[in-house]
Amino acid sequence: QNMDEAERKAGFRPYLPSRGVLYANPDISVTGPIAVEQTIHVRDIESALGKVGASDVQVPAEWEGMQLRTEIGPMVAANYPDNVHIVQARPIELSVPSGFALERFAEVAFRSIGVSVWEARAMAQKFAAHPAWLLDIPPDAVVNVQEVALRAGPALLIEDFDEKGAVKRATVVRSTSERMYSVSSRNRELSIKIANALP
């Protein structure tokens with residue numbers, strides 16, 4: 001019903017932008033916590049790399065069958081009119097096998113969706129330092145992933161395109177030591193504006 005109830009259910013006080021940024025009142029929901037497990041399949045990663053022409057990337061054979069586990073939430077979602085969504089949660093708990101090179105895996109994952117060599121390496125370093133949501137992008141999706149500079153620090157911008165090449169959704173993802181944010185709207189300018197209004 002209100003932010004006080006959301007805080008009681010989520011265990012943290014959600015942040016929302018001021019009325020000067022978004023004028024409507026959002027519908028608020030709390031979900032989770034949830035646990036997500038993912039099994040690595042080397043052949044699938046190699047196939048994704050091949051589709052984007054990243055032939056220089058070698059996927060370690062020992063990754064086959066390894067399992068990653070993340071615990072996310074509770075999450076607070078604020079849904080505004082015009083298909084604007086803000087989701088936030090405390091940092092995820094990521095469990096990986098002993099000795100698993102998370103930074104290298106993140107770099108390969110970013111390369112598999114078409115990110116350049118140097119940008120994937122820089123993004124992977126930041127991901128390993130503060131794991132954010134893993135990007136669940138369908139293999140046939142057309143996306144643009146890039147780093148953007150926000151007032152409070154760096155973030156990732158993910159743009160989804162329709163069949164005609166127009167942006168249909170822009171999502172800004174930012175992770176800090178205390179909070180993870182995902183802000184999505186129909187264009188990058190609005191998503192960046194909203195993300196800049198969050199602490």
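These are my notebook entries on what I looked up in this predicted model.

**Ground rules**

I number residues from 1 along each chain as its sequence is written, and my side-chain values use heavy atoms, with hydrogens and water left out. Since I'm working from a predicted model, local features need pLDDT of at least 70 and side-chain atom pairs count only at pLDDT 80 or more, while totals for chains, interfaces and linings use all residues.

**Entry 1: the whole chain**

I started with the secondary structure and got five helices and 10 strands. Here helices (H or I, at least four residues) and strands (E, at least two) are DSSP runs, numbered from the N terminus.

Next I looked up the radius of gyration, and it is 17 Å. A compact globule of 199 residues would have one near 16 Å, so the chain agrees with that. The value is taken over C-alpha atoms, and the globule rule is 2.2 Å times the number of residues to the power 0.38. Along its principal axes the C-alpha trace spans about 50 × 40 × 25 Å.

I also checked burial: 38% of the 199 residues count as buried. Buried means under 20% relative accessible area, exposed means over 50%, and partly exposed is in between (1.4 Å probe, protein chains only).

Then I looked at contacts, meaning heavy atoms within 4.5 Å. Of those in the chain with a separation of 6 or more, 57% are between residues 24 or more positions apart.

**Entry 2: charges**

I found 21 positive and 25 negative side chains, with the centres of the two sets 6 Å apart. Lys and Arg count as positive, Asp and Glu as negative, and His and the chain ends are not counted. The place of a charge is NZ of Lys, CZ of Arg, CG of Asp or CD of Glu.

How many salt bridges does the structure hold? I noted 10. A salt bridge is a side-chain nitrogen of Lys or Arg within 4 Å of a carboxyl oxygen of Asp or Glu.

I looked at Glu 147 and Lys 126, whose closest N and O atoms are 2.9 Å apart in a salt bridge. Glu 147 lies in strand E7 (residues 143-150) and Lys 126 in helix H4 (residues 117-129), so the pair ties together parts 21 residues apart in sequence. Glu 147 is partly exposed at 32% relative accessibility, and Lys 126 is partly exposed at 39%.

Shared partners join Asp 4, Glu 7 and Arg 13 into one salt-bridge network. I read off 2.7 Å, N to O, for Asp 4 and Arg 13, and 3.0 Å between the closest N and O atoms of Arg 13 and Glu 7. I get partly exposed for Asp 4 at 43%, for Arg 13 at 35% and for Glu 7 at 31%.

**Entry 3: helix H3 and its cover**

Is helix H3 (residues 102-112) largely enclosed or largely open? Eight of its 11 residues are buried, so it is largely enclosed by the rest of the structure. Among the buried ones I listed Phe 105, Glu 107, Val 108 and Arg 111. Their cover includes helix H2 (42-51), strand E3 (67-72), strand E6 (93-95), H4 and strand E8 (153-161). Just after H3, Gly 114 takes a positive phi of about 100°.

I then picked Ile 45 in H2. Ile 45 is buried at 14% relative accessible area. Beyond its neighbours within four places in sequence, Ile 45 contacts Ile 40, Val 59, Trp 63, Phe 105 and Val 108. Ile 45 and Val 108 are 63 residues apart along the chain, yet their C-alpha atoms are separated by 8.2 Å.

**Entry 4: Gln 88**

Gln 88 sits in strand E5 (residues 84-89). Gln 88 is buried, with a relative accessible area of 1%. Not counting residues up to four places away, Gln 88 touches residues including Phe 12, Tyr 15, Pro 74, Met 75 and Met 180.

Where did I see cis peptide bonds? One runs from Gly 32 to Pro 33, with omega near 5°, and Pro 33 lies in the loop between strand E1 (27-31) and strand E2 (34-39). Another joins Gly 73 and Pro 74, with omega about 5°; Pro 74 is in the loop between E3 and strand E4 (75-80).

In the loop between E4 and E5 I found Asp 82 and Asn 83. Phi is positive for Asp 82, near 70°, and for Asn 83, near 65°. Asp 82 is exposed at 58%, whereas Asn 83 is partly exposed at 37%.
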